[in-house]
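Here are a few notes from going through this one. Have a look at the model alongside them.

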Amino acid sequence: MKWIFCLFFLILILSAYAQEPQYGLKFNSNGYEPEMRTSLDLSPEGFFSFQEGFSMRFDVKIDWEEIHSYGYIFRIIGKTGNNIDFLVGNRDILSFSFLMGDVVINEVFDEIPFYSKQWLPVQLRIDVKKEELEIQVGKSSQKWKLPEIKSFKDVAIVFGKNNHPKTLSIDVPDMTVKDIKIANQNDTIYHFKLAKYVPGGVYDEIKKHFAKCDNPNWVLTQNTTWKKEITFVCDGNPYIAYDSDKNELAIADRHFFYYFSPADRQLKKQTVNKGLSYTPYANQIIYNPVDSNFYAYNLLKEADGREFAAFDRKTGVWEKTTPHINYSDYWHHNSYFSATSNQLYLFGGYGHNNYKKDVYMYDVQTNVWAKKPFKGDNIDPRYLSGLGVIDENKVLLFGGYGSKTGNQELFPQHYYDAYIIDTKTMESKKQWTLKSPNEDFVVSNSLVVDTANNCFYALCYPFTKFNTTILLYKFSLSEPEYEVLADTILFGFKDTGSFVDLFHDQANNKLLAVTSSSISAVSTATVSIYSLSYPPLSKADIHQPVESGNRSWWIIIVSVLICLAALPAVLFCRKKKKTKPAEPAIPISGIRTSHLVRKQALFLFGGFRVIDKEGNDLTADFKPLLKSLFLLILLNTIKNGKGISFVKLKDLLWFDKSEESANNNRGVALSKIRQIMEHVGEVQFSKQGVYWSVEFGKDIYCDYYEALFLIRQIRENKGKDISDIQRLLSIVSAGDLLPNMQVEWADAFKSDFSNDLIDLFLQLIQQKEIAFSDSMYIDIANAIFIHDPLNEDALKLKCTALVKMGKNGLARNAYTVFLKEYKVWFGADYKYSFDQIIEKQPF
C-alpha cells in the first residue's frame, strides 16, 4: 500500500508542477538589430552600495543551437569604471573575466556539461573584507584573492545589452534569465523574479526596487498570447484529430494526410493513395490509442447505415467504404473515444433543419453501432457544443445552439448548461446553467478539463458573423462562473464550412487551437494552428502590482501628489451641476504613468486592473457581473457626466429578472463594489433621478480619464507641448481599451475612443510645425496599430520612418506582418506593394 500512496503523492506533485507557469526574461540576441536587443538594468537610478560586498545568484537558460550564442550574460560595473563580465564565448563555453588596471582574470568553464534550453544556476560572491571574488557555475566554482575587489563596493549591474557610458556592449546571447537574487552577507535584499512585470521594467519582490528593461520578451506572455504556429490550405471540410501518443495534430482531406508536431513545428504531408468513397463532411475522424490508428466514421441518416474505416499510415490507404453523396445529418456533433472499452461515442449535431440529441455508440471489437438514450437530466437537441474528458468513464458536455423540439424553426436558442455524462450508464447530471452573457457564443468541439483545479477551458465565439473572434474561457466545474483569458484569434465562420477545436499537448504543456474555414465543402479550406503555454492566464495575471520605489522616486511622487491636490476633478469629482463630466483644472502632463502612478489606480488599457492603497492588485475580486456594473457606471459617468439609467442597467445585466429582483441584485452588487473600492480610495455611487453615477476622490488615478483629458488638451494646444503627446503615447501603448470585455456596450466606448485617438494622431503628423523624431513617428504608428491593427496610414508612417532611419529590414518585417493580418481579415491580398507604401510619405 505504501508504494501506491507514494505513486499517488508523486502524481499530485507533478500535476501541481505542471500548473506552475514558466517564467523568465528572454533576451533579443545578436540576431536582432542592436537597438532591438534586450537590456536589463538592475540599477537605472544609480549605483547599488554594498560596503561589505554582496552575492548574486540567478538561473540562466542558453540556446546553444542558435548561431547567435556569443554575448554578455551580465556585466558588473564599478563606480571607478572597472568591470566584471560573465559571457558566452564559442559554442559550449562560458567565460568569466575581471579587469582592473593591470589585473586581468579570464576563467573558462569548458568542462561543464551544458544542455540546450536547460536552466543553469550561477552565483557570484564579492567579499570586500576578505578581498575574495568567487564565481560558481553549476557545480563548478573558482575563487580568487584580490585586494582590487574593494573598488566594487558601489556597482551597477546590467544583463544583456549594456548602455552605460564607457562600458557599452551590444553583444547579447540567446538566453533566458530568471530569479535574480542579490544578498548582503546574511540576507537576500533584492529578488527580481522576472515573472510579472510593469511597462518598461520590473520590480523586485522584497524592496520593490525598479529595474529597467528595454525590448523585453517576458516568458509569461506565452500564457496570454496565442502564437500562430502555421497556416496552410487544403481541401474543404478537412478531418481534424489529435494523436495523444505522438503529440501531433492530424488534418486529413481527400488527397493528403497532414501531421503537425508542435515540438519541432514541422508540417509533414502524406499522400492518400486511396481515399474514402464519400466526400469528407462533418470532421468525422478520431485517433484510437489502442491500435495507434486514425479512423473515419460515416454518420448519415439512419437509413444510410454507419461505417468505421481505418487509415493505413504505411500505404496511405483508407479501408473500403460505401459510396454516397448525401450530406451529413450530424454537423458539429461531439465525439469521444474510450480507449478502455474500445468504443466510440457520438452526441448531437445538425442537419436538414433539425438539431439532434441522439447518442450513438460504436464498438470496435464487435463492429456494432447502437443508439444509446440518455438517462437522468434531459439534454435538449443541439450542435456547436463542446465535450471534454473527465476520466475514462465520465465526460463533460457544455453549451451549444439548438431548440427544445429539435426543429430549427421552433425557437432556436443558445445553451449555457453543463452536464456530466457517465458513458457506462449513459446517465446525465446537470451541473449548472450559466446566466446568458452579454454577447452570445458557441464553443469549440472539444473542451480541456482540469479536474485538479476544478475547471475546464473552451474556445468561445459568436457565430452570427463571418469575421468573428475566438476567446478562451475558463469555466468552473462546480459553479456557473467563468473568466476570459489570453488574447483573441481571428476566425472566418461559415457554419458547416467551419470548425474550431481545442487540445491539450501535455508533453509540451501547451493548449493547441485549430481552426478550419471553408466557403463550401468542395472549395479549399484555410487551416490555422495556434499554441498557448499552459496554464493560460489573463492579461491582468501577468502585470506586476505597481509598487512604490526607492526614496528618490517617493519624493517625486509626493511632489506630484501635492500638485494634483489642486486638481478638483482629477477623476470627475463633480460640482453641483452634473450635466458635464468634470475636467482637470490644470495640465497633468509630464507624469510617467508606468513609474509614478503605482497605488490607488484604475487601469483600463491593456486589461482591467485595480490597485489598492498598498499596491496590491484587486482585479480578481471583480467577478464578471461586478466588473460589468462598475464599468457601465464609470464609463457612462465619464462620457456624459450623469451616468446610466437603471432601465438600461436592467436591460444589459438583469433582463431576465423582475424590476424588484433586478433592484435587489443591483444593491447587492454595488455593496460588494464599495467594499472592494474602500481599499483603493474615496468612491461614492449616487442616484440622481433615474441615473446612477460614480464620484471618485482626488486620490484615485484612472488612465482612461487622463487619456481623454490629454486628447482634449492636445487638440486645444494644437500639439505644441510634445510632453503631452509623449504621455498620451505612454498610456495608450499599454494596450487596447478593455481588450477582454467582448460585449456590445463596451464596443461602443472602444470604437469612439479609437476613432478619436487615431484622428488626433493623424492630424498631428500632418502639422509641419511639430518637430517629431523618426522614433516618435514609429511610436505613434505602433499606438495606432494597437487600436486599429489594419490602419493603412499607420503602416505608411511606420515603414517610411524605419526606412529613413536606415532600418529597411524592420520596415519590410512590419509590412509583411500587416500583409498576413490583412489576408486573415479580408481573405484577399493587400493591393499596395512595399515600394508603393513608402513612395508617398505620410508626413
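How many aromatic pairs does the structure hold?

1. This is a predicted model, and it holds 64 aromatic pairs. Take Phe630 and Phe696: their ring centres sit 6.3 Å apart with the planes at 15 degrees, so this pair is stacked. It ties together distant parts of the chain, with Phe630 in helix α4 and Phe696 in strand β51, 66 residues apart. Both Phe630 and Phe696 are buried.

2. Phe818 and Tyr830 make a pair of another kind: with centres 5.1 Å apart and planes at 70 degrees, they count as edge-to-face. Phe818 belongs to helix α12 (residues 808–826), while Tyr830 is in the loop between α12 and α13, 12 residues along. Phe818 has 3% relative accessibility, so it counts as buried; Tyr830, at 8%, counts as buried too.

3. There is also an aromatic cluster to look at, formed by Tyr350, Tyr355, Tyr383, Tyr401, Tyr461, Phe463, Phe491 and Phe493.

4. Two charges over rings: Lys193 lies over the face of Tyr23, 5.1 Å from the ring centre, and Arg609 lies over the face of Phe603 at 4.6 Å.

5. Now helix α6, residues 659–677. Its 19 residues should span 27 Å at 1.5 Å a residue, and the end C-alpha atoms are 26 Å apart, which agrees. Buried in α6 are Ala662, Arg666, Ala669, Leu670, Ile673, Ile676 and Met677. They cover an arc of only 115 degrees around the axis, so they lie on the same side of α6.

6. What do the buried residues of α6 pack against? Their partners are β48, α4, α5, β50 and β51.

Definitions and conventions: Residues are numbered from 1 along each chain as its sequence is written. This is a predicted model: local features need pLDDT of at least 70, side-chain atom pairs count only at pLDDT 80 or more; totals for chains, interfaces and linings use all residues. Side-chain values use heavy atoms; hydrogens and water are left out. Helices (H or I, at least four residues) and strands (E, at least two) are DSSP runs, numbered from the N terminus. The expected span of a helix is 1.5 Å times one less than its number of residues. Buried means under 20% relative accessible area, exposed over 50%, partly exposed in between (1.4 Å probe, protein chains only). The arc is that of the directions from the helix axis to the C-beta atoms. Contact means heavy atoms within 4.5 Å. Rings of Phe, Tyr and Trp (its six-membered ring) pair if their centres lie within 6.5 Å; planes under 30 degrees apart count as stacked, over 60 as edge-to-face and the rest as tilted. A charge sits over a ring if NZ of Lys or CZ of Arg is within 6 Å of the ring centre and within 35 degrees of the ring normal.
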